[in-house]
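Here is a short report on one protein model and its ligand. Look at the structure first, then read on.

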Amino acid sequence: MPNYLMALDQGTTSSRCILFDANGNIVASAAHEFPQYFPREGWVEHDPMEIWSSQIGVASEALLKTGATWRDVRAIGITNQRETTIVWDKKTGAPVYRAIVWQCRRTAERCEELREKGYADKIREKTGLLPDPYFSATKLEWIFKNVPGALDRAKRGELCFGTVDCWLLWKLTGGRVHATDVSNASRTMLFNIRTLDWDEELLDLFGVPRSVLPTVLPSSGLFGYADPDVLGAGIPITGVAGDQQAALFGEGCHTPGTLKNTYGTGGFLLLNTGESPVFQDKGLVTTVAWQIGDRVKYAIEGSVFVCGSAIQWLRDQLGLIKNAAESEKLARKVEDTGGVYLVPAFTGLGAPYWDPTARGLLIGITRATNRNHIVRATLESMAYQTDEMIRLMETVTGNAIPELKVDGGASANRFLLEFQADLSGIPVVRPACIESTAFGAAALAGIGIGLYKSEKEVAQLISEDTRIEPTKDAAWRKEKTDAWERAVKRSLSWSYGK
Ligand code: ADP
């Protein structure tokens, strides 16, 4: 009996594949970074074919490591960088343009216009989101306005739009399935999270023909079968969720009031709010967490655009560290940052500021500032941004957050977790498997084929590895966060009119 669950985890900087056994243990994994394109200031693109080839490559590689064959894979779960927008030809499969990545700021002016024209409330009421270049709608609109012939072809029903999950699903099924799941759809700004359908009024607003849109399905259940010519066996694809929602699921945050933070390329704090969406105007977004059967769970989310990628910036642009892990060693060489703060607003700021014109800022530098201080300030910036989200969630829900579950690449950094616990005054808990995103996708796929009967059964597979208690008092925390807020204020509205 084949018994592996294969998670395809298509991230912003790398494509990964992890094979799990039925007990949720990692059997094998493989990962590949793929190229990032920055054609202009603030623009970020991926090549959809490179996304696909790197993803299929790591899937084969992971399988090879186990000595198993495709027939040993019982089901596939897909999880992905969200919002990233791809349009391709239905017949040939050729993308009409590169993937416009979630980080891309090219539609900042359009979003400003939407705000000025008073669309923010309507967009929030329908989608739970706010007008920001982050979400797919204005990226799709941009493609239709700027790629010659694209809109006409779309109107003739010749093109497909999809987020990365949808693109992978289409490729895996040999072009037979054009579908997405509710969690990914809820990030497009075209999807009504109350009616769980594409919204006519928003499609009109962004000039999107309905024919380009994928079918929206629950996150767990049969999406389709892999084409044996593509994968080597007709494996069922039975789980799909956006990376942050999959991580929420994979961390076992299945009940209202539980939350997790992922320190990945970006930082994402999600709080499960149960079966009804909680709308607010404090700068968090409301989103679908997942749907299993006819039960939909919602979350509120604080999205931080630059988190672990600030560490990559230290490595690649500044050359201050050789690798990400070295950041911890250097940060511990100094007692504090010596008053230095880094606001990594490299692509503007997300929650709660939503300012696409904010830019990065390093402040508090003195003649005594050295490399270690800057590295430490970079790590601390990840905790400050997360802390702002935690406090906002407490304000919005009126409940104190008892503890923070963490995952993502940078959660391997113990210094960061210690600083986070001190700053937020709550315990920080890391699971034994920090690949929560991939595990979440595998678990959704497992439920989809009936391997697991319930969320409870999935939760039993998750175990705690590290628990870090806070050690600082409220006065220390206030001094730190006050200074951080002053630094952030100075980074806002910087590149206006550029
Ligand atoms: P994603 O899925 O968004 O591509 P990951 O969860 O794999 O990202 O996390 C990768 C990020 O984590 C990178 O930006 C990297 O710089 C950062 N990172 C990895 N290891 C460490 C570490 N030990 N300390 C700090 N940051 C780290």
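## Around the ligand

This model is predicted.

Look at the ligand's oxygen atoms. One is 2.8 Å from an N or O atom in the side chain of Thr265. For Gln312, a side-chain N or O atom is 3.2 Å from an oxygen atom of the ligand. Ser309 uses its backbone instead: an N or O atom there lies 3.3 Å from a ligand oxygen. On its own, the ligand has 580 Å² of accessible area, and the protein covers 83% of that.

## The nonpolar cores

The largest nonpolar core has 120 residues. Leu190, Phe206, Val208, Tyr263 and Leu404 have the most contacts inside it. Helix 13 (residues 371–397) gives this core its largest share, 10 residues.

Take Leu404. Beyond its neighbours within four places in sequence, Leu404 is in contact with several residues, including Leu259, Tyr263, Leu269, Ile390, Ile426 and Val429. Its contacts also include Lys260, Asn261 and Gln420.

A second, separate core has 39 residues. Among them are Leu8, Ala28, Ile78 and Leu168.

## An enclosed helix

Why is helix 4 (residues 136–146) largely enclosed by the rest of the structure? Because nine of its 11 residues are buried. Those buried residues include Lys139, Glu141, Trp142 and Phe144.

What do the buried residues of helix 4 pack against? Their partners are strand 6 (86–89), strand 7 (99–100), strand 8 (159–162), helix 2 (108–116), helix 5 (150–155) and helix 8 (200–205).

Notes: Residues are numbered from 1 along each chain as its sequence is written. This is a predicted model: local features need pLDDT of at least 70, side-chain atom pairs count only at pLDDT 80 or more; totals for chains, interfaces and linings use all residues. Side-chain values use heavy atoms; hydrogens and water are left out. A nonpolar core is a set of buried Ala, Val, Leu, Ile, Met, Phe, Trp, Tyr and Cys residues joined through side-chain atoms within 4.5 Å. Buried means under 20% relative accessible area, exposed over 50%, partly exposed in between (1.4 Å probe, protein chains only). Helices (H or I, at least four residues) and strands (E, at least two) are DSSP runs, numbered from the N terminus. Contact means heavy atoms within 4.5 Å. A polar contact is a pair of N or O atoms within 3.5 Å; within protein, one must be able to donate a hydrogen and the other to accept it, and residues adjacent in sequence count only if both atoms are side-chain atoms. Accessible areas come from the Shrake-Rupley method with a 1.4 Å probe; for residues, only the protein chains shown count as cover.
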